[in-house]
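Please look over the sequence and the structure shown below before reading on. The briefing that comes after them is grouped by topic.

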Amino acid sequence: MHEMTIEVPNREHTVSIYSYGRVILSLLGRDLAVLKKTAVFFVIRVVMQPLLFVFIFTYVFPKIGQGVGGAGNKEAEFSTLLVAGVVGISIIFQAIQAVALPLVQEFGYTKEIEDRALAPLPTWGLAVEKILSGAIQAIFAGVVVFPIVLFVPATPVHLHIHWLMLITLVPLAAIVSGTLGLTIGTLIPPNQVALIFAIIVLPITFLGAVYYPWASLTPIPWLKDIVLLNPLVYINEGLRAGLTTGVPHMNVAYVYLALVVFAVLLGTISIRGLRKRVVG
Amino acid sequence: MNASISSDNVAVRTVKLRKIYGTNVAVDDLDMELKKGEILGLLGPNGAGKTTTGGMITTRVLPTSGHAYVGGVDVVAHPAEAKLEIGVVPQSNTLDRSLNVIQNLYFHGRYFGIAKKQARSMASELLERFKLSDSATLPVAALSGGMAQRLMVARAIMHSPTVLVLDEPTSGLDPQSRLALWDILRELNRNGQSVLLTTHYMEEADELCDRIAIMDHGKLLAQGTSVELKRDLGGTSSLLMKVGGDPTFLVEKLTAELGADSMTKIISSDGGVKIVGHNVSQLISVAVSSAETLGLRIYDLSLVEPSLETVFINLTGKELRD
C-alpha cells in the first residue's frame, strides 16, 4: 500500500438536506433491489399458496363430488366466498414472511441490522420502513390472487366489487399485516422463528374466517367471540363486503375500526420491539 | 443541557457518560474528548467498557445517564442527526448479505441522501481506492476477513462522517491485513479524518494513535500520547549487564561515575549489575566502557524500557493481556 490515496469525501457534496421520508424511500429501494434478485422465488412464494388453495377447494373438490359448503349452487357460493378468504390469507401470510423472516438474519449474531439501523433515521423510522416494505409485498400478493381465483375454479365465481372499499381496505389490511410481521419478528427470538408459524401463523390462518363467514360461527359462541382477537377475521370480513354481495359479513364500520386499532397497537408494540433489539 | 455544544475543535465529547447493565457498571461517569483530526485509541482489556463506550457514542447503546456529543450533536436527544456525523466499523461483519459488494456502498450512500448517479460513482471510486474493484459484483459472503473489513471502512467513510469509530478493528485479522488497515487509517487521518478506535492491542495503540485513553472497569485511568504515558506512568527502565568475575568494583566505579544522579540506582545483581532509573539507555556506553576498564568480560546486556504494558500494570496492578 505505497501509493494509496484515500481522500475524505467533501461533506458539502454528500449530505444535503435530508428527510426521514427520503431515507425510508432509499431503504425501500434497497428492499426492492433484493426482491428483484430473488424475483422468481418471490413469485413462487406468492403464487403457490393461493393457487393450491383455490385448486383444491374450488376445482378438485367439486370435480370429485366432495363439495365444501353443499352441492350445486352452494358450490358456486363457496367459490365466491372463498375469494375474500384467499386474498386475505395471502396478504397476511406474505407480510409476515416478508418482514419477520429477514429479521432472523438481521438480528443474528453479526447484528447485520446495524447496516440499516445506522442510516440517519430514528428507530421508529426503520420500523415504518419495514412495515411498509412488508405491506407493499402483501398488496402484490393480494393482487396476484385475483386472476387465480377467476380462472382456476370449476364453478363460476361471482364478484361484485366495491372499488372504494377494496382500494382502502387492501392497503389497510397490508399495513396491519406488516405490523403483525414486525411484532412477531422482534418479539420472538430469531432462532425460534419456525415456532412462529406453528403457534401464530397457523391459528391466525385457520381461525381467520377464511372458509366461512364470521356470522356462521353462531352455533359455537365461544369461538365466535375468541376469533375477534384475530386481525385476519376483520380483513376477510371486510374483503367479503368489498368483493361479494349476498354473503354475510360483519358491519364494515367495525372492520375499519378494528383494523385501525390493530395497526396502532401492533405498530406501537413492534416499534418498541425493534428499538429493544437495535439499541442496547 | 443544550442539545448541542460549541464544537469548533472537538469531534467527540462525553460528559459523565454512564451505562449500567443490571448491577454491572459497564461505563462509569466517563469524561472523554476526541479532538478533530486526531486518532484516539481507547485501550483496555476485554470487558473494560470500550465497546459499550463506542456503542453509546454511535447511538447503538442507550446511556443510563450522562451525555455524548458527536460533531456537537447530542447522540441521545438527536440520534438521527448524530448518525450523519458518525461512521461505524463494528467488531462483527455487519455488511448487507442480501446485496453484493458494490451495492453495499451504493445503498449506504443512498441512505445518507447521496443522489443515485453520485452514489454509483462514489461506490466505484471507493472500491478502487480500497482495492476491491475486482470483487465489485461478488456476494459479500465471498470476501476474506481483511476485504470485508476494508469494505466496512469504505462504507463508514462514504458519507464523510465527523468521526470514524472502529471497534477492535484488527482482532481476528491476519498480520498483513492488520498492517494494511493501519495504512488505510493513517492515510484517512492525514486527510483530516478524526478516528476513535477501541483496541486491546498495545502495539496498535502505540503505532497508530495520536493519543491513548486507558480504560479499565468502565473508568478512564489515564490519557495522553504514548510518550507522555510511558514517561509519566511507565515507571523506570532498567539496564542489566552480566559480566565474568566479581561485579563489586564495577558497581563502585559506576556509582562514582554517575555520582550526583541519585535518581538512578546501581545494584549488584546475579553476576552483574542492574542500573534502574529513567533513560538508562543513555548509560549503555558508560557501563560498557567501565566494565572494559576493569577488564571484565561482558556476557549479556539487556534493556527493559517502559511500555504501555508497564503503564497498564502500574495503573491497575495487573497485565493487559487476558
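Predicted model: local features only at pLDDT ≥ 70, side-chain atom pairs only at ≥ 80, totals over all residues.

Residues are numbered from 1 along each chain as its sequence is written, while chains are lettered from A and ligands numbered from 1 in the order in which they are written. Chain A comes to 11 helices and zero strands, whereas chain B has 11 helices and 14 strands; helices (H or I, at least four residues) and strands (E, at least two) are DSSP runs, numbered from the N terminus.

- Buried residues make up 44% of the 280 residues in chain A and 46% of the 322 residues in chain B, where a residue is buried if 20 or more other C-beta atoms lie within 10 Å of its own, exposed if 12 or fewer, and partly exposed in between, with C-beta atoms placed from the backbone.
- In chain A, residues 24 or more positions apart account for 85% of the contacts with a separation of 6 or more; two residues are in contact if their C-beta atoms, placed from the backbone, lie within 7 Å.
- In chain B, among contacts between residues at least 6 apart in sequence, 70% join residues at least 24 apart.
- Chain B has a radius of gyration of 25 Å, whereas a compact globule of 322 residues would have one near 20 Å; the radius is taken over C-alpha atoms, and the globule rule is 2.2 Å times the number of residues to the power 0.38.
- Taken along the principal axes, the C-alpha atoms of chain B fill a box of roughly 80 × 50 × 35 Å.

**Where the chains touch**

- On the chain B side, 39 residues are in contact with 34 residues of chain A.
- Helix H2 (79-85), helix H3 (101-111), helix H4 (116-129) and helix H6 (175-190) of chain B each supply at least two residues of the side that touches chain A, and the largest share, five residues, comes from H6(B).
- The residues of this side of chain B divide into 19 nonpolar, 12 polar and eight charged, with Ala, Val, Leu, Ile, Met, Phe, Trp, Tyr, Cys and Pro counted as nonpolar, Asp, Glu, Lys and Arg as charged, and the others, Gly among them, as polar.

**A kinked helix in chain A**

- Helix H3 (residues 39-64) of chain A has 26 residues and reaches 35 Å from its first C-alpha to its last, close to the 38 Å expected at 1.5 Å a residue; the expected span is 1.5 Å times one less than the number of residues.
- A kink of about 35 degrees in H3(A) is centred on Ile56(A), the bend at a residue being the angle between axes fitted to the seven residues ending there and the seven starting there.
- The buried residues in H3(A) include Val46(A), Pro50(A), Phe53(A), Val54(A) and Phe57(A), and the helix is followed by Gly65(A), whose phi is positive, near 80 degrees.

**Strand pairing in chain B**

- Four strands of chain B form an open antiparallel sheet in the order S2-S1-S4-S5, and its edge strands, S2 (24-35) and S5 (73-74), each pair on one side only; two strands pair if DSSP finds at least two bridges between them.
- Within this sheet, five bridges join strand S1 (residues 10-21) to strand S4 (residues 65-70) of chain B, with Thr14(B) opposite Ala68(B).
- Strand S13 (residues 272-277) of chain B pairs in the antiparallel sense with strand S11 (residues 237-243) of chain B over six bridges, and S13(B) pairs with strand S12 (residues 265-269) of chain B over five bridges, again antiparallel.
- S12(B) and S13(B) form a hairpin with two residues between them, and Asp270(B) in the turn has a positive phi of about 35 degrees.

- Ala222(B), found in strand S10 (residues 219-224) of chain B, counts as partly exposed because it has 17 C-beta neighbours inside 10 Å.
- Leaving aside neighbours within four places in sequence, Ala222(B) is in contact with Ile214(B), Leu229(B), Leu233(B) and Leu315(B).
- The buried residues of helix H11 (residues 308-316) of chain B are Leu308(B), Thr310(B), Val311(B) and Phe312(B), and what covers them includes strand S3 (39-43), helix H7 (202-208), strand S9 (211-216) and helix H8 (226-233) of chain B.
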